[in-house]
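Subject: Structure handover

Hello,

The structure we talked about is below, and my notes follow it. Please read them with the model open.

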Amino acid sequence: MKACTWNQGAFPLVANVSGQLVSSVSDIRDGLYEQTYSPVQWVKSVRTMCGLGVSRFVEIGPGKVLSGMIKKIQKDASCLSVETAGDLSRVAEFVASEDQE
């Protein structure tokens, strides 16, 4: 990770290792490194995002485990699982539909 070039992000992230918002390059880098050897705070992370008004989640990768966990934490959350490159076309539609609600 030290060999990578890091730039300031355009928006804050929720660090899974703490469940809190982070925005500085050092906090983001350190949080990513910490989560390789520390338990993540998944419930706290989802609650933080929901508390900030996030209502739609996109899960990228095989399976729907994280989407299922999100629905248990926040019953009214909308989740989209993207498992293949072909599924990517659904992401724009899913995100755009939030603007129409």
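The buried residues of α1 are covered by elements that include β1 (13-15) and β2 (20-22). Contact here means heavy atoms within 4.5 Å. Helix α1 spans residues 25-34, and its buried residues are Val 25, Ile 28 and Gly 31. They sit on the same side of α1, because they cover an arc of only 140 degrees around the axis. The arc is taken from the directions that run from the helix axis to the C-beta atoms. Buried means under 20% relative accessible area, exposed means over 50%, and partly exposed lies in between (1.4 Å probe, protein chains only). Asp 27 is also in helix α1. Asp 27 is partly exposed, at 41% relative accessible area. Its C-alpha atom is 8.6 Å from that of Ala 15, 12 residues away along the chain.

Before you go further: this is a predicted model, where local features need pLDDT of at least 70, side-chain atom pairs count only at pLDDT 80 or more, and totals for chains, interfaces and linings use all residues. Residues are numbered from 1 along each chain as its sequence is written, and side-chain values use heavy atoms, with hydrogens and water left out.

Overall layout

The protein chain has four helices and four strands. Their order along the sequence is β-β-α-α-β-α-β-α. Helices (H or I, at least four residues) and strands (E, at least two) are DSSP runs, numbered from the N terminus. Along the principal axes, the C-alpha atoms fill a box of roughly 40 × 25 × 25 Å. The chain has 101 residues, and 24% of them count as buried. Take the contacts between residues at least 6 apart in sequence: 35% of these join residues at least 24 apart.

Which residues of α2 are buried? They are Trp 42, Ser 45, Val 46, Met 49 and Cys 50. Seen down the axis of α2, these fall within an arc of 130 degrees, so they line one face of the helix. Their cover includes β1, β3 and α3. Arg 47 and Gly 51 are exposed, on the face of α2 turned away from the buried side. Just after α2, Gly 53 takes a positive phi of about 100 degrees.

The largest nonpolar core has seven residues: Trp 42, Val 46, Met 49, Cys 50, Phe 57, Ile 70 and Ala 77. Such a core is a set of buried Ala, Val, Leu, Ile, Met, Phe, Trp, Tyr and Cys residues joined through side-chain atoms within 4.5 Å. The largest share of this core comes from α2, with four residues. Val 46 touches Phe 57, Ile 70 and Ile 73, leaving out residues up to four places away in sequence.

The largest pocket

The largest pocket has a volume of about 300 Å³. Its lining has 15 residues, and the closest to the centre are Met 49, Val 54, Arg 56, Phe 57 and Val 58. Elements that give two or more residues to this lining are α2 (42-51), β3 (56-60) and α3 (65-73). β3 gives the most, with five residues. By class, the lining has nine nonpolar, three polar and three charged residues.

For your own checks, a pocket is an open set of points on a 1 Å grid over the protein atoms alone, where a 1.4 Å probe fits, with protein on both sides within 12 Å along at least five of seven lines; lining residues have an atom within 4 Å of a point. The volume is the space filled by probe spheres set on the points. Ala, Val, Leu, Ile, Met, Phe, Trp, Tyr, Cys and Pro count as nonpolar, Asp, Glu, Lys and Arg as charged, and the others as polar.

Other sites

Ser 18 is in the loop between β1 and β2. It is partly exposed, at 23% relative accessible area. Beyond its neighbours within four places in sequence, Ser 18 is in contact with Gln 41 and Lys 44.

Phe 11 lies in the segment before β1. Phe 11 is exposed, with a relative accessible area of 57%. The C-alpha atoms of Phe 11 and Leu 21 are separated by 9.9 Å.

Val 95 is in helix α4 (residues 89-99). It is partly exposed, at 42% relative accessible area.

Best wishes
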